[in-house]
Amino acid sequence: MQLIAHAKINWTLSIQSRRADGYHLLDMLLSSVQFGDTISLEEADEITLSLSGRQTVPGDASNLAVKAAVSLKEAYGVKAGASIRLAKRIPVGAGLGGGSADAAAVLLGLTRLWGLDASGEELASLAATIGSDVPFCLVGGQCRVSGVGDRLRQIDCAYSYDVVIVQPCRGLSTQAVFSAYDRLDAPPKGPDTDKAVDMLVKGDALGLSRAMGNALHAAAVPMRPEIAVCAQTLEHFGALRAQMTGSGSAVIGLFESTNAAKAAYGACAKIWPKTILTRTAPYGVSMVSGKRSGHII
Ligand code: C5P
């Protein structure tokens, strides 16, 4: 069975408050994009992971793909194991939900492969124990996400948007960026997600670009000044707006047409090797071959 684990991008990220345990309560508009990792699953005696691709990720039990398999096996008392092959393309420490997308694909894929009778709600609560972005990646498409990533509202959207993604520098740790945010003298609360949702649903790329924003941008830029340079460069090459996604360090540019995105992609790829041309997608995990074809969700 082969699956695509789609990356996610943030149109918005605002911070509502901080919980006693240090976690931040967020309000975000997220979209899946076509670009992603490829995951192959086969039944086996043990759970094993093999990696390919240029991105460096852990190959042991700390990898979220393995965590997802182990959690599912324990939750449903499964005797079998699985061999997981991960072709890693999504940049790491980028705010693109790469590890979470892999975990979501493994949860959905192994549910099929092991023939489990797991409801969407059961998988969602398991997902939340693996990582903050895993519940979104299970559902994918366009969602308003709040709480610590556990509250999701799916948004019907008939439009897709052209995006260029660039990681112009080393990755960032989510925890380090949230801590830097807490140390800001005047932490920005962030953008108006209501407005962004309205514009997204209407297919109004210019309106969406005006509503975009990320409260963590200001916290991350002192650690990786390349983020600000890259956002300016994407806008110079025609993005309606460019900003950091999630806790960085990748930057997304929104374009009003595929041609405009292609032109900026060509220019940015000469400067930064980790440049990706993609579009928003209506799913977080899709199946490319196996028992059934087509999209899982
Ligand atoms: O859930 P995830 O493993 O991605 O979170 C990594 C770290 O980022 C957490 O340990 C926490 O310090 C920070 N974080 C946060 N508020 C969130 C999500 C993550 O403070 N909503």
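Me: What does "buried" mean when I read a residue's accessibility?
Reply: Buried means a relative accessible area under 20%, exposed means over 50%, and partly exposed lies in between. Keep in mind that this is a predicted model. Asp162 has a relative accessibility of 7%, so Asp162 counts as buried.

Me: Which residue does Asp162 form a salt bridge with?
Reply: The general idea is that side chains of opposite charge can pair when their charged atoms come close. Here the partner of Asp162 is Arg279, with the closest N and O atoms 2.7 Å apart. Asp162 sits in strand β7 (residues 162-166) and Arg279 in strand β11 (residues 275-281), so this pair ties together parts 117 residues apart in sequence.

Me: Is Arg279 buried or partly exposed?
Reply: Arg279 is partly exposed, at a relative accessible area of 31%, while Asp162 is buried.

Me: Which residue forms a salt bridge with Arg19?
Reply: That is Asp21, and the closest N and O atoms are 2.7 Å apart. Arg19 is partly exposed at 35%, and Asp21 is partly exposed at 49%.

Me: Which residues are linked in a network of salt bridges?
Reply: Look for Asp27, Arg144 and Asp194, which are linked in such a network.

Definitions and conventions: Residues numbered from 1 in each chain as written. Predicted model: local features only at pLDDT ≥ 70, side-chain atom pairs only at ≥ 80, totals over all residues. Heavy atoms only, no water. Salt bridge = Lys/Arg side-chain N within 4 Å of Asp/Glu carboxyl O. Buried < 20%, exposed > 50% of the residue type's maximum accessible area, 1.4 Å probe, protein only. Helix = DSSP H or I, 4+ residues; strand = E, 2+ residues; numbered from the N terminus.
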